[in-house]
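Morning, everyone. I'll keep this short. Please have a look at the model on the screen.

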Amino acid sequence: DAAADALASRLFSFKSTARLVCSVDGKIKYKDSAPETMLSLRVPMEKATVVEEEKGEGDDGAPKEKRLKAEEEEKAGGVKEDDNTKQPVPTVTFQQCLESWAAETTLEDYRWPHLQNNVHPATQETKFTNYPRYLLVHIQRYTLGADWTPQKLEVNLDIPEELDINSFKSKGPQDNEDLVPPEEEGAGETPTSA
């Protein structure tokens with residue numbers, strides 16, 4: 001049913017805004033994304049910390065399902081891990097994942113229309129334009145290894161029951177900002193190819 005699909009889409013739909021700053025003249029450009037229904041977040045392993053938790057008797061800190069699976073493998077003749085060889089699993093907070101998504105990044109080859117389509121570096125910061133009623137989040141728990149094979153990140157995610165994301169809301173163009181002039185219809189940045 002098309003009406004039900006449209007309603008479901010509206011419940012999860014949001015937009016984000018990229019704030020781009022030109023490295024040549026400091027002019028600012030705001031660029032809105034197409035509507036999205038899922039926020040995909042990278043796990044910033046560089047911010048991971050090992051959290052020591054108090055463990056109860058017989059509790060190794062692993063989730064119950066993993067512990068049961070390991071016990072079953074031991075019974076089936078699998079190799080038993082020595083307690084001294086277990087590596088502690090680092091923890092990343094959901095807030096750190098959001099901060100990584102919204103962090104300022106550098107775009108090396110950005111085509112600026114107000115500079116006769118010349119390519120110059122830019123800094124980009126992404127924020128929410130609007131919030132959905134329900135935020136659907138995909139955590140990227142796989143990364144590519146040095147040999148280009150997918151590797152699952154062994155990390156715990158600390159996700160709070162309540163979340164305040166007001167600091168990730170775009171304020172849009174401000175009065176004191178020097179904005180890039182609006183582009184003419186049909187003009188726009190095109191990716192560069194080297």
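Three helices and 10 strands make up the secondary structure here. Keep in mind that this is a predicted model. Along the sequence, the order runs α-β-β-β-α-β-α-β-β-β-β-β-β.

Now the overall numbers. The protein has 194 residues, and 21% of them count as buried.

What about contacts along the chain? Take the contacts with a separation of 6 or more: 70% of them join residues 24 or more positions apart.

On to charges. Side chains of opposite charge can pair when their charged atoms come close. How many salt bridges does the count give? Two.

Start with Arg 19 and Glu 177. Their side chains form a salt bridge, N to O at 3.0 Å. Where do the partners sit? Arg 19 is in strand S1, residues 16–22. Glu 177 is in the segment after strand S10, which covers 156–158. Is Glu 177 buried or exposed? Buried, because its relative accessibility is 17% and the cut-off is under 20%. Arg 19 comes out at 26%, so it counts as partly exposed.

The other pair is Arg 42 with Glu 46. Here the closest N and O atoms are 3.0 Å apart. Arg 42 is partly exposed, at 39% relative accessible area. Glu 46 is at 57%, so it counts as exposed, the cut-off being over 50%.

Methods: Residues are numbered from 1 along each chain as its sequence is written. This is a predicted model: local features need pLDDT of at least 70, side-chain atom pairs count only at pLDDT 80 or more; totals for chains, interfaces and linings use all residues. Side-chain values use heavy atoms; hydrogens and water are left out. A salt bridge is a side-chain nitrogen of Lys or Arg within 4 Å of a carboxyl oxygen of Asp or Glu. Helices (H or I, at least four residues) and strands (E, at least two) are DSSP runs, numbered from the N terminus. Buried means under 20% relative accessible area, exposed over 50%, partly exposed in between (1.4 Å probe, protein chains only). Contact means heavy atoms within 4.5 Å.
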